[in-house]
Amino acid sequence: MSDNQSKNMTWRNLALMCFAIVWGFGNVVNNFANQGLQVIVSWILIIGMYFIPYALMVGELGSTFREGKGGVSSWIGTTMGRRLAYLAGWTYWVVHVPYLAQKPQSVMIALSWAVFQDGSIVKSIDPLILQTISLLVFICFVWIASRGITSLKRIGTIAGSSVFVMSLLYILLMITAPAITGIKPATTDMSFKTFIPTFDFAYFTTISMLVFAVGGSEKIAPYINNMKNPSKGFPKGMIALAVMVAISALLGSYAMGMMFDANNLASDLKMNGQYYAFKKLGEYYGLGNIFLILYALSNTTAQISALMISIDAPLKVLLADADSKYIPKALTKTNKYGAPINGYKMVTVLVGILIIIPALGIGDMNSLYNWLLDLNSVVMPMRYLWVFLAYMALRKAAAGKYSSEYKFVKNSKLGFGIGLWCFAFTAFVCIMGMFPKGVETYTSQWYFQITLNVLTPFILIGLGLILPIIAKRTNSTDDLNSSESEDVIA
């Protein structure tokens, strides 16, 4: 295939593909649960001041390092060296540990709604018992993933697409429900002041969830080189993406305000809000639980698929081009199915700890679910920091050192400043997100949660500093010499 033939992606294709990667109905529900209708103004601010520049920076990085197959690791490796590239790759993998720790919960919640059409089953179980079941579920899927079974992942992709379509359908049907069915909005006060956030300490502890929601556009960076006219097409695609995200976020949040009283939200809205929404939607249109059952079944399969992919894919990315200076050779050992079996064991230990320990100090299942979700909003954005570091290094490099078909901004100092803003803002929201939400301050549970919130990121990232020491002691001299030779060549 010629180069011209391969450059056949339009800005519309790019925008739609990235929308499916970045966005989901859970983003609407979780942030509405945090902020109520005030989240509408928050969405406008976060999309304009953070999401758009973030996405456009990713476009420039992808265009500049078009041959880099490792994404952010490649960008960091080229601009800042291989040691930092390893740490970037480690961060990208290890932030999935809290995500994996919550996935078994999500599977059981979705399944219970599909079978019983009721969210009380999971909430009523003792957290330690449920987390033990979650660990067994996780171990089961680690075993399945180690057998190289991929059909479930394909089914999950289809289910994930159907969840996505149903999420958009919810927004459409809920916005039009008053006109079609005559229902009255649950939130009675829709005045201007209802939408304006109170920019206090409590508000800033919730914005990490917003950043968590809009992150991940770096996954589409390799596709910029498949565009017909990257310099014009990519920014158009990203602006179209921002418009689609904004419409979905704003209308979705408004729809949630019509269905749920924004001034009196259920404490389990993060855990069960998606299912409450589809259950009520069916009631509005006289269809019973049909929407709920379809969504719960699709979401069950999609969650299982996401669990398996997240067990396997990030680990393979970390180990695929493993540098023996930094990663012990034992971790790269594969079984007859090609699965990195010792890496799976390491994942199981880390996830097992994060599943069981919180259950010892967090008293109920709803609080435990909310805490794990909030922890994800603290840990996951840490991987975005490497994107902004790579961009700052790119714009600080000598003129002419790197070439790109697309530039976010022409002025290097301005580009560096925008990268620094996004880096500082991300770091700020991660720190603020560590403060517990929905828990009475200075109680034993508050101290327990904030201790875990602070320690977990440091321990997870800190493990990445330990592995090179183990590698140096356990890997053979030949392995290390080979790695050093590659460093010289690079």
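This dialogue reads a few features of a predicted model.

Q: What should I know about the model and its numbering?
A: Residues are numbered from 1 along each chain as its sequence is written, and side-chain values use heavy atoms, with hydrogens and water left out. Because this model is predicted, local features need pLDDT of at least 70 and side-chain atom pairs count only at pLDDT 80 or more, while totals for chains, interfaces and linings use all residues.

Q: How are two packed helices described?
A: By the angle between their axes and the distance between the axes. Helices are DSSP runs (H or I, at least four residues), numbered from the N terminus. Axes are lines fitted to C-alpha atoms over the stretch in contact, and angles run from 0 to 180 degrees between N-to-C directions. Take helix α9 (residues 127-146) and helix α16 (residues 341-356): their axes come within 10 Å and cross at roughly 170°. That makes α9 roughly antiparallel to α16 (under 35 degrees is roughly parallel, over 145 roughly antiparallel, 65 to 115 roughly perpendicular, the rest oblique).

Q: Which residues of α9 and α16 meet?
A: Contact means heavy atoms within 4.5 Å. Among those of α9 are Leu128, Phe138 and Val142. The α16 side includes Ile341, Tyr344 and Val351. The residues of this contact divide into 12 nonpolar, 6 polar and no charged. Ala, Val, Leu, Ile, Met, Phe, Trp, Tyr, Cys and Pro count as nonpolar, Asp, Glu, Lys and Arg as charged, and the others, Gly among them, as polar.

Q: At what angle do α3 and α4 pack?
A: Helix α3 (residues 25-35) and helix α4 (residues 39-64) pack at about 120°, with axes 9 Å apart. The two are therefore oblique to each other. Asn27, Asn31, Phe32 and Gln35 of α3 touch Val39, Ser42 and Trp43 of α4.

Q: How many disulfides does a search of the whole structure find?
A: A disulfide is a pair of cysteine sulfur atoms within 2.5 Å. The search finds 0. For Cys18, the nearest cysteine sulfur is that of Cys422, 15 Å away. For Cys422, the nearest is that of Cys430, at 13 Å.

Q: Is Cys18 buried or exposed?
A: Buried means under 20% relative accessible area, exposed over 50%, partly exposed in between (1.4 Å probe, protein chains only). Cys18 has 0%, so Cys18 is buried. Cys422 is also buried, at 0%.

Q: Where is Ser231 found, and what does Ser231 contact?
A: Ser231 is in helix α13 (residues 230-259). At 36% relative accessibility, Ser231 is partly exposed. Leaving aside neighbours within four places in sequence, Ser231 contacts Glu405 and Tyr406. Ser231 and Tyr406 are 175 residues apart along the chain, yet their C-alpha atoms are separated by 4.3 Å.
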